[in-house]
Amino acid sequence: MHLPFKMTWNPSTGLDLGFFTLHYYSLMFVIAFSLGWYVMKRVYKKEGVEEEKLDPLFIYSVLAILIGARLGHVFFYQTELLWEDPLSVILPFRFVPDIEYTGFQGLASHGAAIGMIIAMYLYNKKVLKKSVLWLLDRVILPVSLGAIFVRIGNFFNSEMVGKITDSNLGIKFVQDQYNKYEVQRLTGIPNEQKAYQALTDDPQFASYIAEIPYRFPGQLMEATGYIFVFLILMFVYWKTDLRKKEGFLFGFFLILLWSVRFVVEFFKRAQVEGREDWIFGFNTGQILSIPFILVGIFFVVRALNQKKQPKYPKS
């Protein structure tokens, strides 16, 4: 059976609201954080935690994910920014060679994970005052849900594309093949969006589309895996008593999510050129995923060997 999935992908950048454009990538973050807030509201209600402690959690999470993801990208994938264009690390602008608004185009999930763990430790110490593992066991539910929408956002941005393939899963990513300067030069149209639209709509540019190779949709493959991760974790939390074993859900989350990332990396184009087989034949994303998986195994084994369930003060 063959899936008729082959297509050419050349979306608009976002929703034109007249006075500004709401980019799809930003929209996916808004959806992720909004749904995450709702999931944690249900969790806190079930656990008897005061709802007033939910808003600080939201603030800690947003800051941790955005700051951690940005710094993670710089340290893990684009270290040269620290000395070539240091202001672009913390600002949504590029200053070299010219000043240009870019938004935060480089965000790394490994950095977001580290940032989130640190933020949850601080939030628990200052606000919740339970065990940080109790919190991590529950906050992984909205995190796994949010990961789905972040990868969909990557798809809209034509980021994290896969390796070239002849399979029926292949997609031609127009905006990955031609950047905005190239498409303006090829079409002679100064407006970026109109230039991209002409490239796929005007028959005179068909040869340029024909040159684009089909690639695996790495973002959608990862998002699909994360859907299963989210559903499995939701089932374990709501339908079993394993949530009472401190650290189990957090460890299980680390194993599931980073295993998906590890496997999908085999189908994705390496994010750092020259690191396709960086260490032991694995790329950067795979090497960074291995420690998270090992830590997850530790917490799962530790939780399953617990003889007594920890007790916490009421919130």
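Q: Is Arg151 buried or exposed?
A: Arg151 counts as buried, because its relative accessibility is 6% and the cut-off for buried is under 20%. Keep in mind that this is a predicted model.

Q: Which helix does Arg151 lie in?
A: Arg151 is part of helix α6, which runs over residues 132-156.

Q: What is Arg151 in contact with, leaving aside neighbours within four places in sequence?
A: With those neighbours left out, Arg151 touches Ser109, Met160, Gln219, Glu222, Ala223, Tyr226 and Arg261.

Q: What UniProt annotation covers Arg151?
A: The unreviewed UniProt entry has "binding site" at Arg151. That label comes from the record.

Q: Switching to Ile227. Where is it?
A: Ile227 sits in helix α11, residues 218-239.

Q: Now α13. What should its residues span, and how far apart are its end C-alpha atoms?
A: Helix α13 takes in residues 284-304, and its 21 residues should span 30 Å at 1.5 Å a residue. The end C-alpha atoms are 31 Å apart, so the two values agree.

Q: Which residues of α13 are buried?
A: The buried residues in α13 are Thr284, Gly285, Gln286, Ile287, Leu288, Ser289, Phe292, Ile293, Gly296, Phe299, Val300 and Ala303.

Q: And what covers the buried residues of α13?
A: The cover includes α2 (54-77), α5 (109-128), α6 and α12 (248-264).

Q: What caps the N-terminal end of α13?
A: Asn283 does, with a side-chain oxygen 3.1 Å from the backbone nitrogen of Gly285.

Q: Next, α8. Which of its residues are buried?
A: Helix α8 covers residues 180-187, and Val183, Leu186 and Thr187 are buried there. These three are on the same side of α8, because they take up an arc of only 85° around the axis.

Q: What covers the buried residues of α8?
A: Helices α9 (192-201) and α10 (206-210) are among the elements that cover them.

Q: What reaches the backbone nitrogen of Tyr181 at the start of α8?
A: A side-chain oxygen of Asn179 comes within 3.0 Å of that nitrogen.

Conventions: Residues are numbered from 1 along each chain as its sequence is written. This is a predicted model: local features need pLDDT of at least 70, side-chain atom pairs count only at pLDDT 80 or more; totals for chains, interfaces and linings use all residues. Side-chain values use heavy atoms; hydrogens and water are left out. Helices (H or I, at least four residues) and strands (E, at least two) are DSSP runs, numbered from the N terminus. UniProt positions are given in the numbering used here, feature names are shortened, and annotations may be inferred rather than shown by experiment. Buried means under 20% relative accessible area, exposed over 50%, partly exposed in between (1.4 Å probe, protein chains only). Contact means heavy atoms within 4.5 Å. The expected span of a helix is 1.5 Å times one less than its number of residues. A polar contact is a pair of N or O atoms within 3.5 Å; within protein, one must be able to donate a hydrogen and the other to accept it, and residues adjacent in sequence count only if both atoms are side-chain atoms. The arc is that of the directions from the helix axis to the C-beta atoms.
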